[in-house]
Amino acid sequence: MTKELTLFLIILIPLTGVFILPLISRVSASLRNWFSFAAILLSAVFSFLLIPSIFKDGAVTVFKSLPFGFNLALTADSLAIFTAAVVSLISALIVLFSFDYISHYKHQDEYYPMVVLFLGAMMGLVFSANLILLYIFWEITAITSWRLIGFFREKEHVLRADKAFLVTVFGSLLMLMGFLRIYQETGSFDLFTIKEAVKLHPISNLTISLILAGILSKSATLPFHTWLPDAGVAPSPVTALLHAAVLVKIGVYVFARIFVATIPLNLPWQTIVAVIAGASALVSAGAALVDTDLKRIIAYSTVSQIGFIFLGFSLGNEIGVAGGVLYILMHGLAKAGLFLCAGIIEQNAKTKDVRHLGGLFSSMPITGISFLFCAFSVMAIPPFGGFFSKYMIISGTFQAGHRIIATVFLFGAFLTVLYLFRAFNLVFMGEKKSPSTVAGEGSRLMLACVAAFALLSLLGGIFIRFPSALALITAQKMLL
Amino acid sequence: MLSLFILAPLFLLFVLNLPLKPVNKACFWLAGVLLSAQILMALGHALCPWSLYPDKLGLFFVFNLVMDNLTLVMLLVIGIVSLVALFVGKSTIILEEQRFNFVSLVLACVIGMNAVVLVRDIFSLYIFIEITSIASFVLIALKKDKLAIEGTFKYLIMSAVATVFMLCAMAFLLLAAGDLSFAAVHSAFYNPANAGLLKCGAGLFLCGLLIKSGVAPFHGWVPDAYSSAPAGVSILLAGITTKVAGVYVLLRLFGSVFILNAQFQNILLFAGAFSIVMAALAALTQDDFKRMLAYSSISQVGYIILALGCGTPLAFAGAIFHFFNHAIFKSLLFVNAASLEKEFGSTNMNTLAGLGNKSPVTGFTSLIGALSTAGIPPFSGFWSKLIIILALFSAGRFVYGGIALLASILTLAYFLAFQRRVFFGKTESTLSSAGTSWALRFWEIALALITAASGAVFVLVHNNWVLPLKAIFW
């Protein structure tokens, strides 16, 4: 099998699976579930298969010229394949989790196709080397996340889904305007051509800020961050997907793709991004400290951690960028685990308000330990994976000479420890609050999934050599 | 061959009105066959250029009919939308007498529209615009209730004003050019002697056509006319009739007959941008789905006018592509409205809720129509808007391009509100379905497929339809 074919398969298996799923769901519900899992898992397997050859021999590119420069340009370089592998692996585990989680709700026939389409669009976006192609996949993820956030169809849920859709689309329209301006300035939508063109003529500041607005809105970074905590009304696997695997990672990934690998930002812009990221990290960490809804706390934590990733990518030095790449992996694993744990708690204790929860550790030991492990990784406690990525970013910040910013982020990291311990204490420690919170464990499949995320977070730290080597090579190639 | 497009419906109209029982019974199918033939001929033109065959029938006419790529696209759209309107009318209009009148009037409209896109002189153009308009006045008033009469009356009055403008304009043009054929008027524009008269004529024509196309601030009649008309008629009006009588004529005259100078450009750009934003804001506040669609229609016409004002060939091609897309997705949305009305007895969004489970086909296809209207990829509306905005940016019109781009968020907002209130929510137990007809579902799915497919195979559409269009203008 050629590399090009594998690349197409990674994208097309989920995208065609979407059209087959409605037919399968007429036959049998469990066949539908396994089919969606298989579609995502196949994407993951093919991504992992491509990793060795791409890291050794360099990028695989498919190019077909189309009118107006709306070319079909796909490229699988080390950044793309690394992200694709991470994202599809996490999504596959999340889908496995949702078999049991979602089984007693209506509209499952909509849920699975939407999740598979979501992942398919993400795969397409990751490999796009043309801005219009990228934009198309970007909007498809917006449509699917809208349907998924409003999954329960309560009035307020749908309103919040609409909010998420409108905020992200507003951002993406600004971004599209930026893309069109890039086309004006460089004469192309293709990232390779743009990369060559900007070496001669730098992109104007207005264009950069338009694209940045789109990225920030998708990644739920200050000042566009409020939709993400609101999106917590979605089913927990969906929130896990939004936070850990797909949606907010899109913004970060596109930032890396455009502003690190294609149009390197100059020093003032690097500082601006770092400052926005720092403000976002601190503000949302503060919000996470005071919120009482477990899923909102974790959601604010995502906003805060995304700030770290932006910082890493904005630094422009090898260790910082490598830290950012590694962070995508580590944060994805840990945050997916946290949300799935929250899902188990929400479903079994019938509430997600931390004031009404307490002492769940004795009745839910596996969930508790998994939650703790994932929280350790987000807090950056060695030897968990999250430690290494955060360390690399902070060290990169010092290396770049941003002492104040580095201090701010260290404070942000400290706040992370505080709010996650607070959440853990309120939920798992202390006395049992009310009889209704005597909750048992989730089903075996659900536990297996959260335990897998917890273990992967731990193993990712113990065997840090492998992912960090990949991240370093990726960073070197991006900064070329 | 070309005159068949006018003579065949005329002949059918004549035959239908003969007192023949079996013919009257089959009136929908006969008209359907005729319109399907029109669609097939338009689609098959590339394989078999029938327009080149000599035209003996044309001897009956004093005007000559000419075929070009723009006309071809228009004939296709007229065929599709009229066919959909016809069969939606078949399943929603119940009274026997109204059914028969409906078919006859649709045929009259088709005659007028086909002629409008085929003729090449301004006077004939005017005649056929009026034929189309008069047929549509009667169509709106088909139900004969108070609202329908009010809607018709508003349209009638506004149209009469537009007619006066156009008649005066023709007088000026005739004075200056001595002849009203497109070629004569066009060459007169290069003669500096009558520049003032010609500019006056073109300006008056522009006013008349802006009223006819329902562009803000001349849009007052649109929501009343569209929402009070029977379902099939709304499709015909919103999808094609007012677009051919107004927007197409604007495109044709300002694209290849008059000279689009900077003043006209500014007027068109402003009217377009104003329509887009104003109508989208108005649509946000509507409670009735059909009224919302009417405002959405005004807003989408704004994009076409905006592209026309931009004045580059690329913008024209984008405008026509958007014309086509708009005809398809707006017809789709009006079929959705017809379906809701038939099934639940209302198009008021306050009384409908959570219908996603009860009528999934309507819910899903209306979502496709809405996303396409809002310019969300990968549906066809995205591509036409992108071409228009790209053309505006290329012409250096960044502000108008930015307005057009960001107005998509308003479009998305009102369609999301619609989805939330009608489909995407908890089902109310009080609503019971009267059962939808399979015919409506068939058209919903067919139109949704067209809009999704022409987005998905955009490259094919571009190479076969959009690219040839660019060549027409200048």
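This is a predicted model: local features need pLDDT of at least 70, side-chain atom pairs count only at pLDDT 80 or more; totals for chains, interfaces and linings use all residues.

Colleague: How do you know that the radius of gyration of chain B agrees with a compact globule?

Modeller: For 474 residues, a compact globule would come out near 23 Å, and chain B has 21 Å, so the two agree. Along the principal axes, the C-alpha atoms of chain B fill a box of roughly 75 × 60 × 45 Å. As for burial, 58% of the 474 residues count as buried.

Colleague: Why is helix H4 of chain B said to be close to its expected reach?

Modeller: H4 of chain B covers residues 69-92, which is 24 residues. From first C-alpha to last, H4 reaches 34 Å, and 34 Å is what 1.5 Å a residue leads us to expect.

Colleague: And why is H4(B) called mostly covered?

Modeller: Of its 24 residues, 23 are buried.

Colleague: Turning to chain A, why is A:Ala231 called buried?

Modeller: The cut-off is 20 or more other C-beta atoms within 10 Å. A:Ala231 has 27 such neighbours, so A:Ala231 counts as buried.

Colleague: Where is A:Ala231 found, and which residues is A:Ala231 in contact with beyond its neighbours within four places in sequence?

Modeller: A:Ala231 sits in the loop between helix H9 (227-230) and helix H10 (236-245) of chain A. Beyond those sequence neighbours, its contacts include A:Ile149, A:Arg160 and A:Leu242.

Notes
Residues are numbered from 1 along each chain as its sequence is written. Chains are lettered from A and ligands numbered from 1 in the order in which they are written. The radius of gyration is taken over C-alpha atoms; the globule rule is 2.2 Å times the number of residues to the power 0.38. A residue is buried if 20 or more other C-beta atoms lie within 10 Å of its own, exposed if 12 or fewer, and partly exposed in between; C-beta atoms are placed from the backbone. Helices (H or I, at least four residues) and strands (E, at least two) are DSSP runs, numbered from the N terminus. The expected span of a helix is 1.5 Å times one less than its number of residues. Two residues are in contact if their C-beta atoms, placed from the backbone, lie within 7 Å.
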